[in-house]
Each structure stands twice: as structure tokens, then as C-alpha cells.
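Please read this briefing with the sequence and the structure side by side, and find each named residue for yourself as you go.

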Amino acid sequence: MSTMVKKILPGDRRALVVSDIHGNLPYLEGLLKKTGFSPERDLLIVDGDFLEKGKQSLDTLRYLMRLVAEGCCWVVRGNCDGWHQILSGGMDKFIMKYMLTRPNCVLRQMCCEQGLDVMEDTPLGEIKSVLTAHHAAEMDFLASLPIAIDTEEYTFVHGGISRPDMLRKEPWRCMKNDNFLGQGLSFDKWQIVGHWPVVLYRENITDANPIILRDRHIASIDGGCVLKDDGQLNALIIPPGGGDGFECAYYDPFPTARALTAQSASEKSYYIRWGDNAVEPLAFDGEFTRCRHLRTGYEMDIPSDYVRMSKRGFTVNDCTDYRLQVEPGDLLSVVKRTSRGCLCKKNGVSGWYAGKLEPVGD
Ligand SMILES: [Mn+2]
């Protein structure tokens, strides 16, 4: 593996950049279908974290290996993809605990396929033997992935390269570069990054669409697939010949419905998100719980199944009280139905809609 490889974008193909698939093969297939991806006319660039968290890591890995072999796919490594390192002993300290707490992790799926059910007393040496004997192709593929792919106009990297020497000095951080946009940096060459769900960058609404900062030459594209209940898999589409005339597309699995009545947007709203989600429950009415967000004091009604109690207190699943701006005829995807209306998405933005909906066939 070299840290960065240089490549030339084929001038006659669209390039679809997708990050953070996280073992969710149906979302990837749905996105490729929706965008009309063609192995002959397009290039898929996977910007890291195609494994772990979701249910189909091994299937996703093999799917991408096939596309790479066909010559229509480039892949960079994310912080969730470097599992070949188990064979060199680099993971001995934590890998058993990791596997035991994650039934769907890719290494466990590989072992399972060979009839080895990983248990607390399974010797690590036996796991490594199975991987070496039966999954050498997958391990070699993972080991071959660069941390960044550099083309004339763009750098594709999972987390972000904050300083020119960072790839050499802190390669891990280039994959796990949290809150990259929040660092305020700008670059001469475009950096296309994933890793940090874009919803986390937005204050009062839940908008999962890519953030494209033309003045800073950064595009951040992680739509929160797998991690967020209402997440989506984004594609940043670079037109043939390059440039910054990007288009975006996304896939989510929610049923589509047509709005029949208008609704105005709420004037104020808040989005309680992962990492800042401690609340105090105030009133419980069964379906909804009135909660006060501890840090801001903001109060909102939250679906009761989003509220969790732990030793440290109450937290909530990502949620918003934003009311969508809706015109009759708008197409909404319906995430959750309640007696007070539906949690919907309109063009990648999540919010509530209390009007009438009619189903739309595919
Ligand atoms: Mn990541």
C-alpha cells in the first residue's frame, strides 16, 4: 500500500463519488440504479468506510472488488476498512473484543463463512489461519488500498488532509479527521471527503445533502447512511472532463408519497444530534415525550422510542422539530408515521409534515 496514489480521471466518464457505505449494499445498489451508473461509461470512486456498522460488509467488499476488477471503480481506505492489519499482529490488543461486540463485522463474517463462530474462547491464531487460508484475496485487496487518490483537480481522501505533511506524519488522521470543515481550512486543490456525517455541520435543520464549499475547495459528502435512521447515501457526480460543475444524487429506502396540502416552514427549530444529545424528559404522553435539551434548554416533543436511558442519564436519537416547507404536489419520503403527522424528507432535508399524503407507486 502506498499512502497516496496519483491517477488520471478518464475524460469521457462521469465520476460518482460515494463515501461511508458502511456495509449497506442495498443503498449502494439503489444509488447506482437511481443514477443510471454504467460500468462502461462511468467511474465509481469509493471514498472510504465501505465496511462495518451495517449488515453486509463482506458482500459490499466483494461487490467493490468485482467493480475494481472490471476497471470502473477506485477505492480509498477509510478508518473502518483496514482489517488486513489483523494478519500482521497490529490489532492483537483489541480485535477479539471488537469482534465479540459486533456480530456483523467483516472479519466475523469471513470466519462465519468458513464455519468458525467467533466466541470468547476462540484462539486468535485460529481466526488468523482461517483468514489467511480462505480470505487471502479480500485481505490483499484491503491491503492494496491507498489512503488518498490524487488527480489533477481533486484529492479523494476519507477524512481530510489538513496540512501537506499530514499524509506522511499522521496517515491515520487523514482517514479519521473529525469535523474537517470545522477547522476552517481552504485548499488550492479540491478535497473530496466523507467520514463526518454532513448533518452534524448544520445547526437547526437536518440536511443530509453534500456540502460543497467552492471558496474553500472542499466537498463533504457523508449522508449518514446506516448511522442515522433518516440517513442517505450520497453521490457527488463529477461531469466528464472534470471541473466544479458537480451534481448530486442520493438514495434512501423510504416510501415516497405526494403531499396534497401546503404547509409553511417552522420559524424556529432545532436539531439534536449525536454527541450533544443529553436531555431531561419533562412529560410523557405515550407516543411522544416532551424533552429539554440540556445544553441549550431548547424544548421539543420527541418520539418516545427515540429516548434512551443510560447510567449517565437520558439521551435521544438524532431528532428535529423542524416543520418542512411543503407545496401541494411535492414528493416526500416518509421516514416515520405518527398521530401528529409524518417525519419526512424533502430533497434530503428531514422534518415534520402534518398534511395529507397520497402514496406514489414506483
Ligand atoms: Mn469514517
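Leaving aside its neighbours within four places in sequence, V18 is in contact with L28, L31, L44, V46, D47, L233 and A235, where two residues are in contact if their C-beta atoms, placed from the backbone, lie within 7 Å. This is a predicted model, in which local features need pLDDT of at least 70 and side-chain atom pairs count only at pLDDT 80 or more, while totals for chains, interfaces and linings use all residues. Residues are numbered from 1 along each chain as its sequence is written.

**Nonpolar cores**

- V17 and V18 touch the most other members of the largest nonpolar core, which holds 70 residues; such a core is a set of buried Ala, Val, Leu, Ile, Met, Phe, Trp, Tyr and Cys residues joined through C-beta atoms within 7 Å.
- The largest share of this core, five residues, is supplied by helix 1 (residues 25–34); helices (H or I, at least four residues) and strands (E, at least two) are DSSP runs, numbered from the N terminus.
- A second, separate core has 13 residues, and A257, L324, L343 and Y353 are among them.

**Domains**

- The chain is divided into domain 1, made of 4–82 + 145–251, and domain 2, made of 256–359; these bounds come from an automatic or database domain assignment.
- The centres of domain 1 and domain 2, taken over C-alpha atoms, are separated by 28 Å.
- Where the two domains meet, 14 residues of domain 1 are in contact with 13 residues of domain 2.
- The side of domain 1 that touches domain 2 has five nonpolar, four polar and five charged residues; here Ala, Val, Leu, Ile, Met, Phe, Trp, Tyr, Cys and Pro count as nonpolar, Asp, Glu, Lys and Arg as charged, and the others, Gly among them, as polar.

- Helix 4 is mostly covered, since six of its eight residues are buried, namely V106, L107, R108, Q109, M110 and C111.
- The cover over these buried residues includes helix 2, helix 3 (95–101), helix 5 (124–134) and helix 6 (136–144).
- Helix 2 (residues 57–70) and helix 4 (residues 106–113) pack at an angle of about 90°, with their axes 8 Å apart; axes are lines fitted to C-alpha atoms, for helices over the stretch in contact, and angles run from 0 to 180 degrees between N-to-C directions.
- That angle makes helix 2 roughly perpendicular to helix 4, because angles of 65 to 115 degrees count as roughly perpendicular, those under 35 as roughly parallel, those over 145 as roughly antiparallel and the rest as oblique.
- In this contact, S57, L58 and L61 of helix 2 meet V106, Q109 and M110 of helix 4, and these residues divide into four nonpolar, two polar and no charged.
- After helix 4 comes G115, whose phi is positive, near 80°.

- Most residues other than glycine have a negative phi, and most peptide bonds are trans.
- D49, although not a glycine, has a positive phi of about 60°; D49 sits in the loop between strand 3 (42–47) and helix 2, and D49 is buried because 27 other C-beta atoms lie within 10 Å.
- H217, also not a glycine, has a positive phi of about 55°; H217 lies in the loop between strand 9 (211–213) and strand 10 (218–220), and H217 is partly exposed, with 19 other C-beta atoms within 10 Å.

- E153 is found in the loop between strand 5 (148–150) and strand 6 (154–157), and with 13 C-beta neighbours inside 10 Å, E153 counts as partly exposed.
- E153 and G243 are 90 residues apart in sequence, yet 7.6 Å apart in space, C-alpha to C-alpha.
- E267 lies in the loop between strand 13 (256–259) and strand 14 (271–272), and E267 is exposed because 6 other C-beta atoms lie within 10 Å.
- The C-alpha atoms of E267 and T122 are separated by 57 Å, and the two residues are 145 residues apart along the chain.

Definitions and conventions. Buried ≥ 20, exposed ≤ 12 C-beta atoms within 10 Å, placed from the backbone.
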